[in-house]
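Q: Could we go through this structure feature by feature, taking the general idea before the case at hand?

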Amino acid sequence: MRSGQLDRSRQVALQVHDILRDRILNMALVPGAVLSRASLQLEFGISQTPVRDALMRLQEEGLVDVYPQYATVVAKIDVDHARQAQFLRLSIELEAVRRLTEDAPAETASELRKILARQKAVASTETYDSFDALDREFHRKLYEMTGILQLWTNVRRQSVNLDRLRRLNLPMPGKMQTVLMQHEAIVEAIASGRAENATAALRTHLSGTLSIVDSIRANFPDFLLGPPSV
């Protein structure tokens, strides 16, 4: 997106932040990539101040490292932070699934099946972005139907490192098919009204990426922060 596509009625720095954030989360900007302020000013047709403000926001989120008078680079993926984000998601979503299975199994399953059908249609290497967006929509629906949608915003903010790990994992052979099978297992368990089965299916699903973090590290040794698991 260039300057002509920025909405001048909205805060420019926030828009640039959102664009760069998406690029980092989608791995269009990989760990170690240098973000040149001059290049960003030229790309977006803006002054130094909104670029600086956007980069400061990214730094606060742990997505970039700023070295004064030297460079701003995309930060490595913090696996420990990703584990904490996973713990947060498990704590919330397991309870959400349990309640929905007990209180609204048919309605919940119906809504999730609609999303799952759309996700199946974009399970292709050419449509990673759409597949990933629908994965988020699937989980967002759990928060919405439980009446805790504000927590989704908080979880998304805390999940940046987990999202980046997932994006590295997604292109691996069979990963998208595994996600679809796990989503289907969650839906069918909810529809059956069996809370124990639904929470077990969700736990398996949310644990997938971090269970193979050493394999991800082996494939992308320069992208992850910290030593391998022991």
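**Reading contacts, burial and cavities**

A: The side chains of Glu-102 and Arg-98 make a polar contact of 3.0 Å. Keep in mind that this is a predicted model.

Q: How is a salt bridge read, and how many are found in the whole structure?

A: The criterion is a side-chain nitrogen of Lys or Arg within 4 Å of a carboxyl oxygen of Asp or Glu. The whole structure has 20 salt bridges. One of them joins Arg-89 to Glu-93, with the closest N and O atoms 2.9 Å apart. Both residues are in helix H4, and because they are four residues apart, about one helical turn separates them. Arg-89 counts as buried at 6% relative accessibility, and Glu-93 counts as buried at 0%.

Q: Which elements does the salt bridge between Glu-188 and Arg-113 link?

A: In this salt bridge the closest N and O atoms are 3.1 Å apart. The pair links distant parts of the chain, with Glu-188 in helix H9 and Arg-113 in helix H5 (residues 105-121), 75 residues apart. Glu-188 is partly exposed at 38% relative accessibility, and Arg-113 is partly exposed at 39%.

Q: Which residues belong to the network of salt bridges that includes Asp-135 and Arg-166?

A: Begin with the pair itself. Asp-135 and Arg-166 form a salt bridge through their side chains, at 3.1 Å from N to O. Asp-135 is in helix H6 and Arg-166 in helix H8, 31 residues apart, and the pair links distant parts of the chain. Asp-135 and Arg-166 are buried. Through shared partners, salt bridges join Asp-129, Asp-132, Asp-135, Arg-136, Arg-166 and Arg-167 into one network.

Q: What surrounds His-183, and is His-183 buried or exposed?

A: His-183 is placed in helix H9 and counts as buried, at 0% relative accessibility. Leaving aside residues up to four places away in sequence, His-183 touches Leu-116, Gln-119, Asp-135, Phe-138, His-139 and His-205. Two of these neighbours can be looked at by their polar contacts. The side chain of His-183 makes a polar contact of 2.9 Å with the side chain of Gln-119, and another of 3.1 Å with the side chain of His-205.

Q: Which residues and elements line the largest cavity?

A: The lining has 13 residues, and those nearest the centre are Arg-89, Arg-166, His-205, Leu-206 and Thr-209. Two or more lining residues come from each of helix H4 (79-103), helix H6 (128-146), helix H8 (160-169), helix H9 (175-191) and helix H10 (195-206). H6 gives the largest share, three residues. By residue class, the lining holds four nonpolar, four polar and five charged residues.

Technical notes
Residues are numbered from 1 along each chain as its sequence is written. This is a predicted model: local features need pLDDT of at least 70, side-chain atom pairs count only at pLDDT 80 or more; totals for chains, interfaces and linings use all residues. Side-chain values use heavy atoms; hydrogens and water are left out. On a 1 Å grid over the protein atoms alone, a cavity is a set of points where a 1.4 Å probe fits but cannot get out, and a pocket is an open set with protein on both sides within 12 Å along at least five of seven lines; lining residues have an atom within 4 Å of a point. Ala, Val, Leu, Ile, Met, Phe, Trp, Tyr, Cys and Pro count as nonpolar, Asp, Glu, Lys and Arg as charged, and the others, Gly among them, as polar. A polar contact is a pair of N or O atoms within 3.5 Å; within protein, one must be able to donate a hydrogen and the other to accept it, and residues adjacent in sequence count only if both atoms are side-chain atoms. Buried means under 20% relative accessible area, exposed over 50%, partly exposed in between (1.4 Å probe, protein chains only). Contact means heavy atoms within 4.5 Å.
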